[in-house]
Amino acid sequence: MRAKITYIVTAAVLVFYFVLVGSRGLMLIRHGTLLTVTFGVAVLILPVIGVWFLWKNTQFVRRANALAAELDAEGGLPVDDLARTPSGRIDRDAADAVFTQRRQETEDAPDDWRAWFRLAVAYQDARDTPRARKAMQRAIALHRSGSSAPPAPPSEPAPSSSEPAPSSPAAPSSPSGA
């Protein structure tokens, strides 16, 4: 809940900033000289980029939260039982051990959004935010493409194909870069 409040407050401050900067840009344009109009247009570009960035991040967060809710309803959310340091941060060795397991699950089922979601959580636990975001984006894309049925149990034989499996854009790798 704390993260949600922080996000809302930050978004509100950004929107206020966008309005303030936008009004200054319009004031410059209204002044009417070539120089002020040029600066005014340049200043108006900043809020446009900021609004786009805020919108894309809000969509990402909403979609990731929807996946988390669906996975929670299925009972498939990863359990947060990792060892922690005295300051409350997740122990790096514990996160790396879980990451190895999650990476293997994702390699075994590369088209399962659930595996990619859990891999994203493992990346985040290992403090590798860029890879966590890419893995979550992959989970969202797989979910949106319709691979929402749970994977087949491992006891069932997988259909054989002579074609190689497509490579994923965010191939799993270790969070420590090894």
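Val13 lies in helix H1 (residues 2–31); helices here are DSSP runs of H or I with at least four residues, numbered from the N terminus. The model is predicted, so local features need pLDDT of at least 70 and side-chain atom pairs count only at pLDDT 80 or more, while totals for chains, interfaces and linings use all residues. Residues are numbered from 1 along each chain as its sequence is written, and side-chain values use heavy atoms, without hydrogens and water.

Val13 has 53% relative accessibility and therefore counts as exposed (exposed is over 50% relative accessible area, buried under 20%, partly exposed in between, with a 1.4 Å probe and protein chains only). Together with Met1, Ile5 and Val9, Val13 forms a nonpolar patch on the surface.

## Aromatic rings

The whole structure holds two aromatic pairs (ring centres within 6.5 Å; planes under 30 degrees apart are stacked, over 60 edge-to-face, the rest tilted). In one of them, Phe99 and Tyr123 have ring centres 4.9 Å apart and planes at 50 degrees, so this pair is tilted. Phe99 belongs to helix H3 (residues 92–108) and Tyr123 to helix H4 (residues 113–125), 24 residues apart. Both Phe99 and Tyr123 are buried.

## The largest nonpolar core

The largest nonpolar core has 19 residues (buried Ala, Val, Leu, Ile, Met, Phe, Trp, Tyr and Cys joined through side-chain atoms within 4.5 Å). Leu67, Trp113, Phe117, Met136 and Ala139 have the most contacts inside this core. Helix H2 (34–74), H4 and helix H5 (129–144) each supply at least two of its residues, and H4 gives the most, with seven.

Note on methods: Patches are made of residues with over 30% relative accessible area and no salt bridge: like charges are joined within 9 Å, nonpolar side chains (Val, Leu, Ile, Met, Phe, Trp, Tyr) within 5 Å. Accessible areas come from the Shrake-Rupley method with a 1.4 Å probe; for residues, only the protein chains shown count as cover. A salt bridge is a side-chain nitrogen of Lys or Arg within 4 Å of a carboxyl oxygen of Asp or Glu. Rings of Phe, Tyr and Trp (its six-membered ring) pair if their centres lie within 6.5 Å; planes under 30 degrees apart count as stacked, over 60 as edge-to-face and the rest as tilted.
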